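Hi,

Here is the structure I promised to pass on. Have a look, and then read my notes below.

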Amino acid sequence: MNHQATVPPLGTFQPQDQPSMEAIASSAWAMLETQVTPFTEVMTIPGEIFRALDAGGKKFIARNFMSYIGKNVLYCRDGTGTDRYFLGNPRNFLRGGGVIVTVKGTEPFWMIRSNTTILEAAAAHLGVNVAPKEKKIPRPPNAYILYRKERHNLVRDAHPGITNNEISQVLGAAWNAESREVRQKYKEMSDKIKKALYEQHPDYQYRPRKPSEKKRRGRRTASTDEEIEHDSDEVAQPSSAD
DNA sequence: GTGAATGAAAA
DNA sequence: TTTTCATTCAC
């Protein structure tokens with residue numbers, strides 16, 4: 001408001017109202033220690049407190065906790081949205097679909113695997129924007145698909161109640177019975193469409209998913225009887241249970 | 001999500 | 001050689 005003519009003593013100013021780092025660390029530990037029970041494996045640290053700690057303070061807290069659980073510990077930011085950090089053995093972060101994400105130059109953070117991709121989570125962690133993922137470009141239709149598409153409605157109207165599967169059977173037979181010229185005509189159409197697609201999307205590339213990751217379209221063949229490879233992404237979740 | 005046909009492209 | 005997927009939409 002108004003500036004008084006108060007003159008602070010020169011050269012003698014000291015931030016008396018600033019608690020020392022040691023004081024912060026020890027009071028932080030005093031508070032966190034209340035979480036410790038004989039079964040505690042992971043400690044939760046409010047973001048505010050975590051940030052008030054410097055490297056030495058964090059080390060101090062970590063050592064104290066280590067002496068309790070007798071295991072190495074790791075700081076991990078909660079990547080699921082809550083402003084808090086976890087401190088515990090890495091194993092405890094890897095259960096129930098949890099993963100530890102590390103981004104070069106930053107502290108690791110923990111998150112539960114969900115619809116959010118690791119890249120998106122990492123971007124959020126860094127407060128950085130990620131280029132919106134480009135929409136998937138559909139495969140160009142082949143000659144038969146074009147043929148079927150063109151006649152689909154005709155067959156429909158001519159056969160009330162007919163199913164799409166039956167339409168496929170009808171048009172599949174019709175296609176095979178079609179003259180070479182006619183089939184060639186559709187082939188050229190599909191080639192034109194394909195060519196146009198490659199001009200619009202020079203980088204386009206057909207990328208079928210691996211033998212079904214999720215939506216396996218049942219194809220049963222002698223060689224399909226093998227057991228499907230299991231995704232063994234071991235992940236963990238901050239859990240004291242063991 | 002699956003099925004039912006055909007065929008291109010990839011693994 | 002085997003698998004996905006592009007079209008369609010009832011189931």
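How exposed is D191, going by its relative accessible area? D191 is partly exposed, at 30% (buried means under 20% relative accessible area, exposed over 50%, partly exposed in between, with a 1.4 Å probe and protein chains only).

Some ground rules before the rest. This is a predicted model, where local features need pLDDT of at least 70 and side-chain atom pairs count only at pLDDT 80 or more, while totals for chains, interfaces and linings use all residues. Residues are numbered from 1 along each chain as its sequence is written, chains are lettered from A and ligands numbered from 1 in the order in which they are written, and side-chain values use heavy atoms, with hydrogens and water left out.

**Overall**

Chain A has seven helices and five strands (DSSP runs numbered from the N terminus: helices are H or I with at least four residues, strands are E with at least two). Starting at the N terminus, the order is α-β-α-α-β-β-β-β-α-α-α-α. Chain A has 242 residues, and 26% of them count as buried.

**Around D191**

Back to D191: its salt bridge with K187 has the closest N and O atoms 3.0 Å apart (a salt bridge is a side-chain nitrogen of Lys or Arg within 4 Å of a carboxyl oxygen of Asp or Glu). The two are about one helical turn apart, because four residues separate them in helix 7. D191 also meets K194 in a salt bridge, at 3.8 Å from N to O.

Another salt bridge links E181 and R180, at 3.6 Å between the closest N and O atoms. Both E181 and R180 are exposed. The total count is four salt bridges.

**Helix 5 against helix 7**

K187 turns up again here. Among the residues that meet between these helices are Y147 and E150 in helix 5 and K187 and M189 in helix 7 (contact means heavy atoms within 4.5 Å). The axes of helix 5 and helix 7 (residues 180-200) come within 8 Å and cross at roughly 105°, with axes being lines fitted to C-alpha atoms, for helices over the stretch in contact, and angles running from 0 to 180 degrees between N-to-C directions. Helix 5 and helix 7 are therefore roughly perpendicular (65 to 115 degrees).

Cheers

Conventions:
Angles under 35 degrees count as roughly parallel, over 145 as roughly antiparallel, 65 to 115 as roughly perpendicular and the rest as oblique.
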